Amino acid sequence: MIKLSFPFTEEKVRALKVGDEVLISGVVFTGRDAVHKYLHEGGKLPDGVSLRDGIIYHCGPVMMKQPDGSWKCTAAGPTTSIREEPYQWQIIRDFGVRGVIGKGGMGDRTLAACKEYGCVYLHAVGGAAQVLAECVNKVRNVYFAAEFGAPEAIWELEIADFPAVVTIDAHGNSLHRDIFASSQAALAERL
Amino acid sequence: MSQLQASLVELIRRTSAEIPDDVHQAILTSLENEKKGSLAASAIKIIDQNIALAKQKSQPICQDTGSILFYVDVPVGYDQITFAETAREAVKEATKKGFLRQNSVDSLTGKNDGTNVGPGAPAFHFHQHHSPDVNVRLVLKGGGCENVGAQYSLPIEKLQANRDHDGCRRVILDAILQAQGKGCGPGILGVCIGGDRATGYELSKTQFLRRLEDRNPNPELDGLEQDILKTANELGIGPMGFGGKTTLLGVKICAANRVPASFFVSVSYMCWAYRRQGVQLDAGSNIEKWLY
């Protein structure tokens, strides 16, 4: 296990390679379909949100408002990342993102952007909403909740020892590409 | 709150927070098969911890609490309209309590009113039967696995899939290859051979009401189920697509008649977070027994 802590500098991220298991700690921002499309179309990040040397988490959590007005995160697993493939490369380039947490992997454009700008794809266990919610120590803020609805909003989370696997590194390697090729070959032998 | 509504809220809570025993057992068995220290074993361990934690905290196993699919067996003369109205209220209540995420979006305006109730949501499938029992089965199907479902119209030249047993086998295996880990594997396949575009998918999903360990009474379909399961687990896709021996936990296949011009094979994929429960209600709408 490799500890990966904020700030997520280019140097730390370039040191990671495909297959590394990491425990992530620090501030991360959620962002999924609505946020990616909005940024791709030239939308501005709200005041208080910076992705520079930061991590974007493909997640639509379950949040419960507490009597004191704060939020409690009660379920927070990753959502499928490939839907952001049309937008992700540009958001890595324009906002200085160093890490993308999600599930299911991403495609060639994201792979190329990770290599060029110094970013990694961190695969969390899909469906593990409770284990991952336990890693959220604090919900610091929420942005765009009214515009996009709770699952699609940007949530600012403080996480600690959040487990993930590097499946796309900053050196042009992708576990997803490799497994697709090997499974395709294995299937061809069995048809 | 009526007794029916209270029973349905409890059904939703348990479906969202507790994995059925047959699925949990299959996940534990898969851990034994994976190599110690592998990414696959590591993923399954997190899955197992997650199952325990969700049950203990009575919180959703997965934050995507999915499409809400009710399958209801009712006696002749049962008031389905009142049932559906009550179930919609139960869904609203379960959402307020956090058993369900605010998960239902107006497809035209993009608005999420936070209730989980709207056109087509939740979905109801009523079936009359000659029994006084009311059986309510519930499936919560997340979007990640729904998105990797696929419908094939045979023949497909590119896959060398003709209108025969081998053609069906080829397209089902293609669906597994294309899904990789994106549907949160290890997954479970529900397949319908035949039907039309709507009934094919609908029947493929009713396969998720079967227990994992059951066997298909039709020998041809049983053979195909075992063959697909074995072959899928030789492909090395593994849990989450990390590589490994467990790509699928189960395969369930049914067949429906088709018109001569059409030959559809409809494949639905269920994630490991296989949320399926059911209750039998007594005359007072109390939960008499759990069906899984």
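**View 1. Contacts of B:I51 in the predicted model.** In this predicted model, B:I51 touches B:I19, B:H24 and B:I61, leaving aside residues up to four places away in sequence. B:I51 belongs to helix 3 of chain B, which covers residues 39–57. With 24 other C-beta atoms within 10 Å, B:I51 is buried, since the cut-off for a buried residue is 20 or more. B:E18 lies 33 residues from B:I51 in sequence, while their C-alpha atoms are 7.0 Å apart in space.

**View 2. Helix 6 of chain B and its surroundings.** The 15 residues of helix 6 of chain B should span 21 Å at 1.5 Å a residue, and the 22 Å between its end C-alpha atoms agrees with this. Buried residues of this helix include B:G167, B:C168, B:R170, B:D174 and B:A179. Among the elements covering the buried residues are helix 7 (175–188) of chain A and, from chain B, strand 4 (150–153), strand 5 (187–194) and helix 8. Just after helix 6 of chain B, B:Q180 has a positive phi of about 45 degrees.

**View 3. Crossing of helix 6 and helix 8 of chain B.** The axes of helix 6 (residues 165–179) and helix 8 (residues 219–232) of chain B come within 11 Å and cross at roughly 40 degrees. Helix 6 of chain B is therefore oblique to helix 8 of chain B. The crossing of these two helices is right-handed. From helix 6 of chain B, B:C168, B:R169, B:I172, B:L173 and B:I176 meet B:L224, B:D227, B:I228, B:T231 and B:A232 of helix 8 of chain B. By type, the residues of this contact are seven nonpolar, one polar and two charged.

Key
Residues numbered from 1 in each chain as written. Chains lettered and ligands numbered in written order. Predicted model: local features only at pLDDT ≥ 70, side-chain atom pairs only at ≥ 80, totals over all residues. Axes fitted to C-alpha atoms, helices over the stretch in contact; angles between N-to-C directions. Helix = DSSP H or I, 4+ residues; strand = E, 2+ residues; numbered from the N terminus. Parallel < 35°, antiparallel > 145°, perpendicular 65-115°, else oblique. Left-handed = near helix turned anticlockwise from the far one by under 90°. Contact = placed C-beta atoms within 7 Å. Nonpolar A, V, L, I, M, F, W, Y, C, P; charged D, E, K, R; others polar. Expected span 1.5 Å × (residues − 1). Buried ≥ 20, exposed ≤ 12 C-beta atoms within 10 Å, placed from the backbone.
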